[in-house]
Amino acid sequence: MLKQLIENTKCPCGREHEVLTKEFFIAETCVKDILKEYLCKNGYNKPTIVCDTNTEKFAKVADFCRRICLDAKDLHANEIAIEKASGAIESDCDVLVAVGG
């Protein structure tokens, strides 16, 4: 079903939406077990993790990444959250990694 959601960009609203996410992983130990290898394999040298205060404990294990931690209180995936995170991204960041639930 997940593959179908990604491949089916035709929305009930009548528009087509582009999915920019290349890959995603769902696992409790994903950051610890998969992330570093994935970043190295794909040539990313300056990764930044974006997390919130609820998911920070998972993001902390990636000590090879910069980290932006947003306050989870009243946090929503919207333009306000994007603006908060954008202001903290360093100019040489070459990939963002979202750690969330």
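**View 1. Arg66 and its accessibility.** Arg66 has a relative accessible area of 24% and therefore counts as partly exposed (buried is under 20% relative accessible area, exposed over 50%, partly exposed in between, with a 1.4 Å probe and protein chains only). The model is predicted: local features need pLDDT of at least 70, side-chain atom pairs count only at pLDDT 80 or more, and totals for chains, interfaces and linings use all residues. Residues are numbered from 1 along each chain as its sequence is written, and side-chain values use heavy atoms, with hydrogens and water left out.

**View 2. The salt bridges of Arg66.** The structure holds 3 salt bridges (a side-chain nitrogen of Lys or Arg within 4 Å of a carboxyl oxygen of Asp or Glu). Arg66 and Glu90 form one of them, at 3.6 Å from N to O. Arg66 lies in strand S2 and Glu90 in the loop between helix H4 (79-86) and S3, so the pair ties together parts that are 24 residues apart in sequence. Helices (H or I, at least four residues) and strands (E, at least two) are DSSP runs, numbered from the N terminus. Glu90 is partly exposed, at 43% relative accessible area. Asp92 also forms a salt bridge with Arg66, with the closest N and O atoms 2.7 Å apart. This pair links distant parts of the chain, with Asp92 in the loop between H4 and S3 and Arg66 in strand S2, 26 residues apart. Asp92 is partly exposed, with a relative accessible area of 35%. Through shared partners, salt bridges join Arg66, Glu90 and Asp92 into one network.

**View 3. The salt bridge between Glu56 and Arg67****.** The closest N and O atoms of Glu56 and Arg67 are 3.7 Å apart. Glu56 is partly exposed at 21% relative accessibility, and Arg67 is partly exposed at 36%.

**View 4. Helix H2 and its two faces.** Cys30, Val31, Leu35, Tyr38 and Leu39 of H2 are buried. They lie on the same side of H2, because they cover an arc of only 95° around the axis (the arc of the directions from the helix axis to the C-beta atoms). These buried residues pack against strand S1 (47-52), helix H3 (56-59) and strand S3 (95-98), where contact means heavy atoms within 4.5 Å. On the face turned away from the buried side are the exposed residues Lys32, Glu37, Cys40 and Lys41. Just after H2, Gly43 has a positive phi of about 75°.
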